[in-house]
Amino acid sequence: MQSLKKLTLAENELKDDGAVIIAKSLEDGHIDLKELDVSVNMLQRVGARCFARAVANKPAFELLNINGNFISGEGIDEVEEILKAGKKPLKVLGPLDENEPDGEPDDDDEEVEDNEDELNSKLQSVKVEQDD
């Protein structure tokens with residue numbers, strides 16, 4: 001899907017482990033990607049940075065939505081630096097009014113976090129929109 005323009009992965013509880021895998025797959029190619037919505041995914045600093053790196057050099061990129069996660073102030077600063085280094089204006093970073101810098105994801109399901117089948121089942125609800 002190299003012509004992917006918008007990827008919505010909101011509310012999938014990806015956490016940082018899932019973010020690393022997905023961001024890595026978006027790094028190469030996907031030059032037409034304009035929007036990435038990974039809001040409300042229990043992301044912390046690592047996941048946010050990975051997604052920022054994945055989109056920082058995409059020429060058509062317009063919006064990175066990382067709102068509603070648990071990204072520290074330092075993590076937000078690092079995301080901004082990554083985007084600036086990739087020649088992206090900070091306006092590509094969506095609002096962060098629902099980000100909880102002091103929050104932490106539930107660790108009740110730590111065993112499930114390492115389960116690849118669980119991640120795959122969460123990815124079943126991925127929405128891919130393609131412009132004609």
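User: How many helices and strands does the protein have?
Analyst: In this predicted model, the protein has five helices and four strands.

User: What order do the elements run in from the N terminus?
Analyst: They run β-α-β-α-β-α-α-α-β.

User: Where does helix H1 sit, and what should its residues span?
Analyst: H1 covers residues 15-27. At 1.5 Å a residue, those 13 residues should span 18 Å, and the end C-alpha atoms are 18 Å apart, so the two agree.

User: Which residues of H1 are buried?
Analyst: Lys15, Asp16, Gly18, Ala19, Ile22, Ala23 and Leu26. These lie on the same side of H1, because they cover an arc of only 155 degrees around the axis.

User: And what does the face turned away from the buried side carry?
Analyst: The exposed residues Ile21 and Lys24.

User: What follows H1?
Analyst: Gly29, with a positive phi near 75 degrees.

User: Switching to Leu33. Where is it found?
Analyst: Leu33 is in the loop between H1 and strand S2, which is 35-37.

User: Buried or exposed?
Analyst: Leu33 has a relative accessible area of 0%, so it counts as buried.

User: Which residues does Leu33 touch, leaving out those up to four places away in sequence?
Analyst: Leu4, Lys5, Lys6, Leu7, Val55, Lys58, Ala60 and Phe61. Lys6 is 27 residues from Leu33 along the chain, yet their C-alpha atoms are separated by 6.0 Å.

User: Back to the whole protein: what share of contacts is between residues 24 or more positions apart?
Analyst: Such pairs account for 87% of the contacts with a separation of 6 or more.

User: How much of the protein counts as buried?
Analyst: Of its 132 residues, 42%. The protein exposes about 7,500 Å², with carbon and sulfur atoms supplying 44% of that.

Key: Residues are numbered from 1 along each chain as its sequence is written. This is a predicted model: local features need pLDDT of at least 70, side-chain atom pairs count only at pLDDT 80 or more; totals for chains, interfaces and linings use all residues. Side-chain values use heavy atoms; hydrogens and water are left out. Helices (H or I, at least four residues) and strands (E, at least two) are DSSP runs, numbered from the N terminus. The expected span of a helix is 1.5 Å times one less than its number of residues. Buried means under 20% relative accessible area, exposed over 50%, partly exposed in between (1.4 Å probe, protein chains only). The arc is that of the directions from the helix axis to the C-beta atoms. Contact means heavy atoms within 4.5 Å. Accessible areas come from the Shrake-Rupley method with a 1.4 Å probe; for residues, only the protein chains shown count as cover.
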